[in-house]
Amino acid sequence: MIKMFNVTKRYENGIIALDNISVSIDKEEFVFIVGPSGAGKSTLIKLIYREILPTMGQVIINGRNINRFKKKEIPYFRRNIGVIFQDFRLIETKTVFENISFTLEVTETPTKEIKRRVYNVLEMVGLTHKADALPLQLSGGEQQRTAIARAIVNNPSLVVADEPTGNLDPKTSRQIMDIFKEINMRGATVVIASHALDIINEMNKRTIVVENHRIKKDIKKGAVCI
Ligand SMILES: Nc1ncnc2c1ncn2[C@@H]1O[C@H](COP(=O)(O)OP(=O)(O)OP(=O)(O)O)[C@@H](O)[C@H]1O
Ligand SMILES: [Mg+2]
């Protein structure tokens, strides 16, 4: 599903955020990316959804070199990837329902189908009762669950998240991770950059350790100490 070959990312200011990394993630895998601040985790995540392009090397998603996409191909490519951020990025003037349905409106899905799909994902994240609330009326965990619902409403085959529990307490973080587990069990590949080592160790999933802009360890399953 995701293959990176000898990928280097050098930002305009000369900083090398990733230095010649190669990694392969299979369809339906659940993978954590961990490592110290500044190691290159967010850069790795951004390369996957083509927010940024590598300076050298190839990023292959579903057999296609995404660096070579034509401009008009990018929206279609992104539609198949759900992206979740630490700071949720919800639209403050739209309700929970509208924040999620918005994604489907651009794809010209019929209204009835939009409603069905939005309530489906709201139920999955346990937020049906908050459909009409505005983001500022929600707790941090509820906002993050809304952002997750928005990311998965298109049924993407790949879900990537950058520090999705960074602003949440341990109990809420565990609930969020359970939702990711459920998304993965339903067939999506899940890649999460995270600092929450306690929770990562409990999850017992493949964990890639990025340190000094390189892949230091790739642990198939189980506890990691860094
Ligand atoms: N847009 C940018 N322009 C220049 N340098 C950048 C940019 N984004 C990140 N960097 C640098 O690249 C390196 C890797 O950054 P990155 O954001 O990938 O780290 P990270 O592992 O996600 O860290 P954190 O745990 O703090 O989120 C850092 O040295 C950072 O300062
Ligand atoms: Mg980061």
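This is a predicted model: local features need pLDDT of at least 70, side-chain atom pairs count only at pLDDT 80 or more; totals for chains, interfaces and linings use all residues.
A residue counts as buried here if 20 or more other C-beta atoms lie within 10 Å of its own, and as exposed if 12 or fewer do. Keep that in mind for helix α4, where I114, R117, V118, V121 and L122 are buried.

Now back to its buried residues, I114, R117, V118, V121 and L122. They cover an arc of only 135° around the axis, which puts them on the same side of α4. The face turned away from that buried side carries exposed residues, namely K112, E113, R116 and E123. What covers the buried side? Part of the answer is helix α3, residues 96–105, and helix α5, residues 140–152. After α4 comes G126, with a positive phi near 70°.

Next, α5. This helix has 13 residues and spans 19 Å between its end C-alpha atoms, close to the expected 18 Å. How many of the residues of α5 are buried? The count is 11 of the 13, so the helix is largely enclosed by the rest of the structure. Among the buried ones are Q143, Q144, R145 and R150, along with I148, A149 and I152.

T103 is buried because 20 other C-beta atoms lie within 10 Å, and the cut-off is 20 or more. Leaving aside neighbours within four places in sequence, T103 is in contact with R150, V153 and N154. T207 is 104 residues from T103 along the chain, and their C-alpha atoms are separated by 31 Å.

On to the core. In soluble globular proteins, nonpolar side chains tend to be buried together. In this model the largest nonpolar core has 60 residues. Which of them touch the most other members? They are I33, A149, V159, V160 and V191. Of these, A149 is also one of the buried residues of α5. V191 touches I25, V31, I33, I45, I48 and V160, not counting residues up to four places away in sequence.

Last, the ligand. The residues around ligand 1 are Y11, N13, I15, A17, G35, S37, G38, A39, G40, K41, S42 and T43. By class, that shell has 4 nonpolar, 7 polar and 1 charged residues. Which helix gives the most to the shell? It is α1, residues 41–48, with 3 residues.

One residue of the shell, A39, sits in the loop between β3, residues 30–34, and α1. Is A39 buried or exposed? A39 has 23 C-beta neighbours inside 10 Å, so it counts as buried. Its contacts, leaving aside neighbours within four places in sequence, are V210, E211, N212 and H213. Finally, A39 and F97 are 58 residues apart along the chain, with their C-alpha atoms separated by 36 Å.

Note on methods:
Residues are numbered from 1 along each chain as its sequence is written. Chains are lettered from A and ligands numbered from 1 in the order in which they are written. A residue is near a molecule or strand if its C-beta atom, placed from the backbone, lies within 6 Å of it. Helices (H or I, at least four residues) and strands (E, at least two) are DSSP runs, numbered from the N terminus. Ala, Val, Leu, Ile, Met, Phe, Trp, Tyr, Cys and Pro count as nonpolar, Asp, Glu, Lys and Arg as charged, and the others, Gly among them, as polar. A nonpolar core is a set of buried Ala, Val, Leu, Ile, Met, Phe, Trp, Tyr and Cys residues joined through C-beta atoms within 7 Å. Two residues are in contact if their C-beta atoms, placed from the backbone, lie within 7 Å. The arc is that of the directions from the helix axis to the C-beta atoms. The expected span of a helix is 1.5 Å times one less than its number of residues.
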